Every structure is written in structure tokens, then in C-alpha cells.
Amino acid sequence: MHVWTHDRFRFPLPPGHRFPIDKYALLRERVVADGIAAPGEVHEPEPVAWSRIEAVHERGWIRRLRGGELSVRERRGLGLPWSPELVERGRRATAGTVLAARHALRHGVAMNLGGGTHHAGRAWGRGFCLFNDVGVALECLRADGQVERALVVDCDVHQGDGTADLLGPDPEAFTVSLHGARNYPFQRIPSDLDVDLETGMGDDGYLAALDAALDHAIGRAEADVAFYLAGADPWEGDRLGRLALTKRGLLARDELVLDRLRATGAAVCVVLAGGYADDVRDTVDINAATAAAVARRLS
Ligand SMILES: [Zn+2]
């Protein structure tokens with residue numbers, strides 16, 4: 001399976017920072033070791049053009065990010081130290097989602113080993129998210145003339161406030177977010193469908209809520225393209241998650257979303273989003289299982 005990654009483009013982080021920067025290289029190694037992708041099928045995109053980002057994000061936010069001129073409040077909200085490398089990495093991660101989405105239009109399904117930066121809204125970024133990769137990818141596909149209607153299924157444990165900010169006003173896009181009710185972000189922007197999950201919820205409750213949410217969303221979306229944010233952070237061992245899904249439950253989640261979306265005939269683009277296990281290898285296990293589930297749907 002062809003996949004996209006930006007793992008070699010790192011940025012300075014203080015020791016012990018909770019952003020899991022090592023996850024991306026470990027995941028690339030894992031998908032190759034497991035035979036999910038051949039080494040030649042792992043692609044490193046160039047940074048997405050600024051003009052593509054400008055079609056989605058407000059110019060002031062872009063200017064402050066490019067110039068390293070974020071306010072104290074913006075720096076705190078972003079949660080990552082600014083550097084030119086951080087900005088370049090964000091553009092490369094976004095490009096991976098653009099290319100995976102284009103690939104999905106030709107092959108039915110595709111995956112970026114990154115992206116899912118759903119806390120970036122039109123005029124701001126926060127929660128480790130600079131640019132909204134799904135918003136930029138959708139804009140690119142529309143500019144190509146290939147799609148109109150979109151569905152975003154956000155299964156990261158945190159609510160997709162940035163995506164809701166960008167696509168909420170868009171009548172051709174439907175956004176659904178399943179997330180911990182008492183988790184970040186505490187000030188929300190409503191998705192088209194928000195599903196608040198109680199702290200400690202396990203596999204069965206989660207899968208039932210997801211199935212009902214998909215029933216609601218799929219009929220309304222009538223999507224040409226669907227984006228699936230396969231966050232690893234609903235896992236029971238996640239430091240930031242507060243839910244209690246098992247790895248088996250997360251795989252059942254992936255298979256349910258993939259099969260329901262594929263059955264609509266929409267192209268399906270899968271992105272990583274969050275994952276904050278104490279041992280990064282647990283997050284990589286979950287992400288690799290997602291990648292394997294995507295690959296099985298190509299053959
Ligand atoms: Zn998250």
C-alpha cells in the first residue's frame with residue numbers, strides 16, 4: 001500500500017514534552033517491517049504550497065506562523081515551541097493528507113501516516129495543530145474539480161473544534177466527532193454531529209455510539225470523499241484519553257468506519273490524529289493495526 005510520511009522532518013522539543021514525535025518514524029518502520037507498505041511505497045511529500053493553505057486559513061494566522069510572531073496566548077495554545085522546522089513539518093504533514101486523498105479518489109482508500117490536525121481553525125491553531133490538513137485537502141480536491149461533498153468522521157478522543165470551525169458553515173460538508181465529554185477542548189465549536197462519551201467508556205458502548213453516529217451522518221452527507229481521523233487516544237492506556245477502549249476495540253472501530261464509508265462509494269482518506277500512550281510503541285501498535293485494516297481493503 002502507498003503511504004505518506006513526514007517523520008524525518010523533526011523540530012526542536014524540550015526533553016519530556018508530551019508531543020509523541022518518535023511515533024512517526026517508528027510507525028514508518030513498522031508498516032514496512034509488517035509488509036503493509038514496501039519501502040518504495042513510503043512517500044515523503046514536499047511541503048504543501050502556501051497558496052493552498054491561504055485558501056483555507058486566515059492570512060494573519062499564516063503570517064504570524066511563517067514569521068514566528070505568535071502572541072504569548074497563541075504560543076501557549078499551540079503547545080509546541082515555534083521554529084522554522086515546526087512550520088515546514090506542518091506543511092509536509094498537510095501535503096501527505098492532500099496526496100493520500102487524491103490517491104483515495106483513484107483507488108478507493110488511502111492513508112497518510114500523519115495529519116488529523118483537527119484543532120486548527122480558520123484563524124488559529126492550537127493543541128499541537130498548525131494547519132487543518134483535512135480542510136486543506138478538501139479544498140485541493142475541490143479545486144481539482146474532483147469532489148463536492150465531504151464527510152469527516154473524527155474518532156480522535158478530543159473534539160474536532162478546528163474542523164468544525166472550517167467546515168461547519170459549509171453546506172457540502174458534514175462533520176461528526178466522537179470524543180470524551182470531559183476532555184480538551186473545553187471551549188468547543190459545534191460539529192454537525194457531536195457525540196459526547198462518558199469518561200471510562202469501553203468497547204461496547206463506544207462501538208454502539210459510533211454505529212448510531214454513522215447511521216445519522218452517512219445519509220446526510222452523501223459524500224464524494226470521506227476523511228477518517230483514526231486517533232489512537234481513546235485507548236485505555238492513553239495519558240490524555242480518559243476512555244477505556246482496548247486495542248481489539250480500536251481495530252473493530254477502524255473496520256466499522258472503513259466498511260461503512262466504503263459501502264457508500266465515497267473515497268476514504270485515513271489520517272492519524274492523536275495518541276499519547278506512556279510507551280509510544282503502544283500508540284504505534286494501534287496506528288499500524290489501522291494501516292493494516294486499510295491495506296486489507298485495497299486487496
Ligand atoms: Zn486527540
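## Nonpolar core

Leu-151, Val-153, Val-176, Phe-227, Tyr-228 and Leu-261 touch the most other members of the largest nonpolar core, which has 100 residues. A nonpolar core is here a set of buried Ala, Val, Leu, Ile, Met, Phe, Trp, Tyr and Cys residues joined through side-chain atoms within 4.5 Å. Buried stands for under 20% relative accessible area, exposed for over 50%, and partly exposed for values in between (1.4 Å probe, protein chains only).

The model is predicted: local features need pLDDT of at least 70, side-chain atom pairs count only at pLDDT 80 or more, and totals for chains, interfaces and linings use all residues. Residues are numbered from 1 along each chain as its sequence is written, and side-chain values use heavy atoms, with hydrogens and water left out.

Leaving aside residues up to four places away in sequence, Val-176 touches Leu-151, Val-152, Val-153, Asp-154, Leu-193, Ala-213 and Ala-217; contact means heavy atoms within 4.5 Å.

## Sheet and packed helices

An open sheet is formed by eight strands with parallel pairing, in the order 2-1-3-8-7-4-5-6. Strand 2 (42-43) and strand 6 (193-197) stand at the edges with a single partner strand each, so one side of each has no neighbour in the sheet. Strands (E, at least two residues) and helices (H or I, at least four) are DSSP runs numbered from the N terminus; two strands pair if DSSP finds at least two bridges between them.

Strand 4 (residues 150-154) and strand 7 (residues 225-229) run parallel and are joined by five bridges. Within this pairing, Val-153 stands opposite Tyr-228. Helix 8 (residues 203-221) packs on the sheet and touches strand 4, strand 5 (173-180) and strand 6, its direction making about 170° with that of strand 5. Helix 10 (residues 280-296) also packs on the sheet, where it touches strand 3 (109-112) and strand 8 (267-271); its direction makes about 155° with that of strand 3. Axes are lines fitted to C-alpha atoms, for helices over the stretch in contact, and angles run from 0 to 180 degrees between N-to-C directions.

## Aromatic pairs

Six aromatic pairs occur in the structure. Rings of Phe, Tyr and Trp (its six-membered ring) pair if their centres lie within 6.5 Å, with planes under 30 degrees apart counted as stacked, over 60 as edge-to-face and the rest as tilted. Phe-11 and Phe-19 form a tilted pair, 5.7 Å centre to centre with 50° between the planes, and both residues are buried. The rings of Tyr-184 and Phe-186 have centres 6.4 Å apart and planes at 90°, so this pair is edge-to-face.
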